[in-house]
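I opened the notebook to go through this model piece by piece. Below is what I looked up, in the order I got to it.

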Amino acid sequence: MSRPSGTLLEAIAATAGTPTYVYSAESLETATRRWVAAAGDPGRIYFAAKANTNLAVLDRLRGTGIGIEVATAGERARAERAGFPRTRILLGGVPKSADVVAEGIGSGLALVVLQADHEVDAAVAAADPALPTRVGLRVRPGIRAGAHPSLETGRADAKFGYAPEEVVDAWSRLAATPGLDPDVLAVHLGSGIGSLEPWDRALDVLLDLAERLAAHGTPVREFDLGGGLGVDYESDDDPDPSALIQRVDRRLEGTGLSSRFEPGRSVVARAGFLVTRVLYRREHGGKPALVCDAGFTDFARFALYGAQHRIEALDGATSGPATVDVLGPTCESGDVIGTDRSLHEVRPGDLLVVRDVGAYGFVMASNYNSRPRPAEVMLENGRFRVVRRRESLEDLWRGEPAP
Ligand SMILES: Cc1ncc(COP(=O)(O)O)c(C=O)c1O
């Protein structure tokens, strides 16, 4: 996805202010359609809402026919508000309260993935034979994969899912409950995964479990292989879901098992651009730095994971060997957007664009320092519209009684 022109981004900043997230509708559709084409059926793809829950973004994705994976009551409410029918909503295998599980059972969702005993208890208690619900179990296969330790979710010591040796017991409880139809095993190995090999190892674990469960009389019919496909934040190379899907399909050929995927980052990352204005230059640790109006409250990925995104001046005229760090304005030394970026000629008042921020960008913004969260803008055919207004100061104390 090429970057929107400097003129367009200037116009957006003039209208919406800074910092502002800008999403390209074209890029959203291209990435989604790439997944759909690779899968051959939109029904195999469930966008992981946690990556980006803006309603206009969700609306775009819904239009391509795919489903959506939600992890909380809030994500489910957003998915429904964006028009996803319940039959295309999957309640995912992340830690959920008993209430969220109970609300998912018998409510017409495509699938409810359970990942701990208290969730199985809640599902069993809520089961209604008149409203049968398809359920699955998330397995923790004991595999290290992910761009950062915090993003590795399939490790043996991760807090998610059942260890392989625990699956049969939990599965048997589900199978014995009228109104629950267990037939899916799920994994989510991590996020930002750069090689396909971890999925091979996950399939070894899942196929072995499927064999064991078949012997118990309630067979597995489908594997949910989660999300995780990485994005190269230093280049324009697009993630290639077809290599992953072909590999999985080859492996499952002749087994009678189908598969589905829950991509987040690889669908929306490239579509997002964060526009921020440089406030001033200063020295920092003996290096030149630009302090800009976007902080880690607006974009947390460097602070959380050390993630380096391309940061560019709008005119692109700052390449060269000298580099600067890009810092946010809040009162933390960890408030960093990126380091060692080639932006040495940038001046106070200039605009910068942080690239590939459509995933885990705005959704992780906070109001720390009582900073209103940024605006979000959708760009389509060279025109833009605000799809979430910048928060106002009044928004900051909404819900608090006046003293
Ligand atoms: C259960 C589950 N599915 C899918 C995803 C999406 O992962 P990604 O954005 O790396 O594709 C996540 C992200 O953490 C997840 O927890």
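This is a predicted model: local features need pLDDT of at least 70, side-chain atom pairs count only at pLDDT 80 or more; totals for chains, interfaces and linings use all residues.

In which loop is S370 found? I traced S370 to the loop between β15 and β16.

Residues are numbered from 1 along each chain as its sequence is written, and side-chain values use heavy atoms, with hydrogens and water left out.

**The β15–β16 loop**

I checked the backbone of S370 and found phi near 50°, a positive value in a residue other than glycine. I then looked at N369, which has its place in the loop between β15 (351-355) and β16 (375-380). Its phi is near 65°, again positive in a residue other than glycine.

Next I asked how accessible they are. My classes are buried for under 20% relative accessible area, exposed for over 50%, and partly exposed in between (1.4 Å probe, protein chains only). S370 is exposed, with a relative accessible area of 52%. N369 counts as partly exposed at 36%.

**The ligand site**

Which residues are closest to the ligand? I noted S191, G228, E262, R265 and Y360, out of 14 residues that surround the ligand. I sorted the shell by class and got four nonpolar, five polar and five charged residues. In this scheme Ala, Val, Leu, Ile, Met, Phe, Trp, Tyr, Cys and Pro are nonpolar, Asp, Glu, Lys and Arg are charged, and the others, Gly among them, are polar.

I went through the pairs with ligand oxygen atoms. A polar side-chain atom of Y360 lies 2.5 Å from one. For R265, a backbone N or O atom lies 2.7 Å from an oxygen atom of the ligand. For G264, a backbone N or O atom lies 2.8 Å from an oxygen atom of the ligand. The protein covers 92% of the 400 Å² of accessible area that the ligand has on its own; I use Shrake-Rupley areas with a 1.4 Å probe, and for residues only the protein chains shown count as cover.

**Helix α3 and its cap**

I moved on to α3 (residues 55-62), where A56, V57, L58, R60 and L61 are buried. At the N-terminal end, N54 caps α3: a side-chain oxygen of N54 lies 2.8 Å from the backbone nitrogen of A56. As a reminder to myself, an α-helix has 3.6 residues a turn, so residues three or four places apart point the same way.

**A cis peptide**

Where does P19 sit? I placed P19 in the loop between α1 (6-16) and β1 (20-24). The peptide bond from T18 to P19 is cis, with omega near -5°.

**S259 in β9**

I looked up S259 in strand β9 (residues 258-260). S259 is buried, at 3% relative accessibility. Its side chain makes a polar contact with the side chain of R44 at 2.7 Å. By polar contact I mean a pair of N or O atoms within 3.5 Å; within protein, one must be able to donate a hydrogen and the other to accept it, and residues adjacent in sequence count only if both atoms are side-chain atoms.

**Some C-alpha distances**

V36 is in helix α2 (residues 25-39) and counts as buried at 16%. I took V36 against P241: they are 205 residues apart in sequence and 9.1 Å apart in space, C-alpha to C-alpha.

E394 lies in helix α12 (residues 393-396) and is exposed at 51%. The C-alpha atoms of E394 and P239 are 155 residues apart along the chain and separated by 41 Å.

Last entry: G142, in the loop between β6 (133-138) and α7 (167-175), is partly exposed at 40%. G142 and P164 are 22 residues apart along the chain, with C-alpha atoms separated by 8.8 Å.

Definitions and conventions. A residue is near a molecule or strand if one of its heavy atoms lies within 4 Å of it. Helices (H or I, at least four residues) and strands (E, at least two) are DSSP runs, numbered from the N terminus.
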